[in-house]
Amino acid sequence: MDAKSIPLLPLLKQSFGFDSFRPLQEEIIRDALAGRDVLALLPTGGGKSLCFQLPALAREGLTVVVSPLISLMKDQVDALQASGIEATFLNSTLTANEAGMRMLGLRNGEYKLLYVAPERLMLSGFLANLKTWNVNQIAIDEAHCISEWGHDFRPEYRQLAQLRELFPQTPLMALTATATPRVRSDILKQLRLHQPKCYVASFNRPNLNYRVLAKQGSYKQLLSFVNARPDDSGIVYCQSRNSTENVAARLQADGINAQPYHAGLDGKTRATNQEMFLRDDVRVICATIAFGMGINKPNVRFVVHYDLPKNVEGFYQETGRAGRDGLPSECLLLFSAGDAVKYSRFIDEISNESERKIARQQLRQMVELAEGAECRRAALLRYFGEEFCEPNCGACDNCLTPRETYDGTIEAQKFLSCVYRLREKSGFDFGVNQVAEVLTGAQSEKVLKWDHQTVSTYGIGKEHSRAEWILIGRELARLGYVRQLAEKFNVVQVTDEGRRALKEREPIVIAKPIAPLKPEKLPAAKKYHARDYGVGAIDCDEKLFDRLRRLRKKIADERSLPAYIIFSDVSLRQMARHYPTTESEFARISGVGERKLADFGKVFMDSISAYLRSNPKLIF
């Protein structure tokens, strides 16, 4: 049967319980079924997994899924098995007997999907077995890990470059949630994809609210934020292993069930803490920024960056772990310029000059995002090459409460003049720090070395501190009056726009820095209506939703599974909105396929019927 004529919607509803595809899913699936190589860039929560899972069900043979995260393999396999799909994984957590039984099942063609880490996949013995297992597709998840320009480069992924040579006729699918145009190009080159179809979905996550706060008593800010959301689970990202443990311990002492998660914990503790979080036995997990959690928990309602992320891609991916189910969720960054200084010192210790250069550029971009006064969503999307055309996103701090501004014409004139004078004096450009030191009349080693105490702009900006001039410089860069050249050690140059403004004394408005907020001034959790985000089943009978959530937890615990594998919050909210009490009504709920209807339908319908005997239906 031609790939275009295969009826996919019945299979989608039967196996996964969905009535329609998300953007680009159907096109990617049909290309996969046609045997084409595909690069799919879909945001976190955009349904990447379905792009290789559904084709695996629509044809004979085995789909091999390469995943770098052992913890994620079990999670995805559990979810597939709960939907009645034959899937398995092979990794170091299995005993020799368990692995042997699964290998036998693979030889006998009992599975549709196999999850495996790149290191195991590329072993010569494993590759020999793979050639006998009727592999019809290889899907490479987290494909950005193959690129040194990606935020999460993993050397073991480079071995995957051999797959095209080893399996010349097997279609490859590369999937990622975060990749700049440069990283996408590198993925295509490294994997040697053959005439690939490339799909890039919008990076916009409309259900996420972005907020940046200046640090001021950061733990109290965090505690206030978490306490204001007593029914929600979340992730707190910290810079160091010690910080994750300290913050988790303080939250515990303040009555919040929290646990740390970082690479320095022994494997058993790390696995236990993650499992408790996935099962809603732990409400908050504190994790290191550098360590990928690989969680698939769709009902994470908030992500807090307690410290500054190293790069924008990491920030996007980590905030993307909130609201994977499409329901409203919050992303809070506690920002301090001191965090950037700490990272700069770490970067200085990197021995490889090329790596140092990349790290400096990435850090500068992250600081610009944190300090910027424009729409957070627009700035984030622009980083990935996408334009956000709305004047106000309505879901970030800069749009909801625009930053105060002031007439910065004099400051801009001084800064631009200083940049010009330093080049005139020395014959080349300098960075923002040097400009700030000259303006404040500093007697630093670099000022004296270049004889910059003799330029006309020396000391003309003593009304501002060095840190304030650095912020002004960054704001002028954002406004286009100066540009920073990453390839030349982040030196600044006056642009044509800046020269015109300097010559014509054009009025320039500058945004004030992020104002610190005391913990008691932090905004409370905001409730959004479905119409705000285009997502369904938000408004519902909250009392019934809580009852169904408790029932879901009980069933999940009996089966030793995370609750969301039984049903997502979206499914429960639809149940609490439509009150299904017959099989035909229950089957219309999103996420209810044939297997879940058979396994869980009766107990949930009985609970809804019992609820209705003493409570009226609400009308929405």
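Visitor: Which residues of α5 are exposed on the other side of the helix?

Guide: Exposed means over 50% relative accessible area, buried means under 20%, and partly exposed lies in between, with a 1.4 Å probe and protein chains only. Helices are DSSP runs of H or I with at least four residues, and strands are runs of E with at least two, numbered from the N terminus. In α5, the exposed residues on that side are A96, N97, M101 and R107. This is a predicted model, in which local features need pLDDT of at least 70, side-chain atom pairs count only at pLDDT 80 or more, and totals for chains, interfaces and linings use all residues. Residues are numbered from 1 along each chain as its sequence is written, and side-chain values use heavy atoms, leaving out hydrogens and water.

Visitor: Which residues of α5 are buried, and what do they pack against?

Guide: A99, R102, M103, G105 and L106 are buried in α5. They line one face of the helix, because their directions from the axis to the C-beta atoms fall within an arc of 160°. Contact means heavy atoms within 4.5 Å. The buried residues of α5 pack against the strands β2 (62-66), β3 (87-90) and β4 (113-116), and against helix α7 (124-130).

Visitor: What follows α5?

Guide: After α5 comes G109, with a positive phi near 70°.

Visitor: With which residues is L160 in contact, leaving aside its neighbours within four places in sequence?

Guide: In soluble globular proteins, nonpolar side chains tend to be buried together. Here, L160 is in contact with V66, P118, L121, M122, I140, I146 and L191, once those neighbours are set aside.
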